[in-house]
Amino acid sequence: MADIQGSYDDLFTAVPNALAAFLDEGDTGGSAAVFVDGEAVLDVWGGYADAARTRPWERDTVVNVFSVTKTMTALAALVLVDRDELDLDAPVARYWPEFAAAGKDKVLVRHLLSHTAGLPDYDGPLAEIYDWPAVTARLAALAPQWEPGTAAGYHSLTQGFLVGEVVRRITGRTLGTFFAEEVAGPLGADFRIGLGPRDDHRVALAVPPPSHDEDYTASAPNADPKPATATALRVRDANSLAWRRAEIPAANGYGNARSVALVQSAMACGGTVGGVRLLSPAGCARAWEEQFDGADRTLGMPMRWGLGYGLFGTTYGWGGWGGSLVMVDPEARLAVAYVTHQMREPADDQRGLEIVSAAYEGLQGLRA
């Protein structure tokens with residue numbers, strides 16, 4: 001069995017066993033964390049941080065968690081809502097006047113967070129996503145693909161720019177800076193949106209699925225083909241220096257399972273974790289107010305969307321390209337995170353759900 005590092009309550013042994021099984025099956029590396037009542041009951045990692053398997057995965061190894069980043073962006077927006085600085089029912093154009101162009105004057109802030117704004121596809125050159133003014137200007141000029149609020153289509157890259165620009169207009173700070181100063185910093189969480197050069201040495205770059213190379217592109221398992229104009233993201237793009245240095249708040253957050261679970265523990269624990277209050281219990285409850293229930297046009301599957309989070313029964317959270325995932329259970333005051341740089345084909349990847357199931361086994365023993 002693969003060697004697993006870290007610490008955990010013996011009740012949660014099923015989690016490191018699952019992580020070891022992934023590595024035994026051929027995964028390169030990964031980490032998992034479980035927080036209950038805002039405290040870590042499990043923090044483990046194993047494998048290697050590079051595809052050549054020469055660098056062990058360390059306690060402070062970080063990885064691009066891709067769309068798990070959306071949960072961090074959502075939390076940042078919910079902090080502003082809780083402070084009465086952002087109105088979910090306001091037109092986006094109240095904060096970002098240029099956005100009213102091309103029939104978007106009735107797009108509400110809540111539509112951005114719930115993937116119902118009608119702007120799911122980024123169609124500019126890939127290099128433009130590293131240029132915040134250029135990409136937000138392009139989005140401001142687009143016409144929605146459907147009447148905002150009437151349908152949902154996962155905004156895989158665009159959501160972060162849309163929410164991030166609203167945050168920037170309100171606070172004068174980029175989403176990454178706001179998150180660092182108002183969320184990660186106070187919590188002491190090792191999570192960043194975009195990454196500077198001093199952290200390059202501890203990044204575990206994405207490893208394509210077996211039988212694929214770095215030209216492997218992001219896709220949803222059940223979705224219709226993307227429009228010909230939609231820009232495809234390859235593994236080599238996500239592993240580039242330009243990607244790391246940019247702020248792409250839908251997709252380029254860097255952290256480990258410990259930091260992901262710590263941040264989202266605030267949502268599991270009524271807004272306060274480790275003595276730090278990020279938002280009120282009512283502010284947390286907004287996250288899982290259902291905004292949409294039906295077929296998601298982009299994902300090609302039934303989805304329930306809250307405000308920035310996917311809703312799954314009594315839990316909420318989201319996963320990222322390649323397999324990383326975070327799940328929040330407010331009733332159990334539980335946050336579970338799994339992060340990896342080893343991609344698998346989306347249709348065949350149940351690793352995050354296996355980690356969550358293993359965490360619940362431990363929780364049952366803890367509550368017994």
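Modeller: Rolling a probe the size of a water molecule over the atoms shows where empty space is left. Here three cavities of 30 Å³ or more are counted. A cavity is a set of points, on a 1 Å grid over the protein atoms alone, where a 1.4 Å probe fits but cannot get out; points are joined across faces, edges and corners, and a volume is the space filled by probe spheres set on them. This is a predicted model, in which local features need pLDDT of at least 70, side-chain atom pairs count only at pLDDT 80 or more, and totals for chains, interfaces and linings use all residues. Residues are numbered from 1 along each chain as its sequence is written, and side-chain values use heavy atoms, without hydrogens and water.

Biologist: What is the volume of the largest cavity, and which residues are closest to its centre?

Modeller: Its volume is about 70 Å³. Lining residues have an atom within 4 Å of a point; of the 16 here, Val 63, Asn 64, Phe 66, Ala 204 and Ala 206 are the closest to the centre.

Biologist: How is strand β13 paired with strand β14?

Modeller: Two strands pair if DSSP finds at least two bridges between them, and strands are DSSP runs (E, at least two residues), numbered from the N terminus. β13 and β14 (residues 325–329) run antiparallel, joined by four bridges; Gly 319 stands opposite Leu 325 in β14. In their hairpin, with five residues between the strands, Gly 322 has a positive phi near 100°.

Technical notes
1 Å grid on protein atoms, 1.4 Å probe; cavity = no way out; pocket = protein on both sides within 12 Å on 5 of 7 lines; lining within 4 Å.
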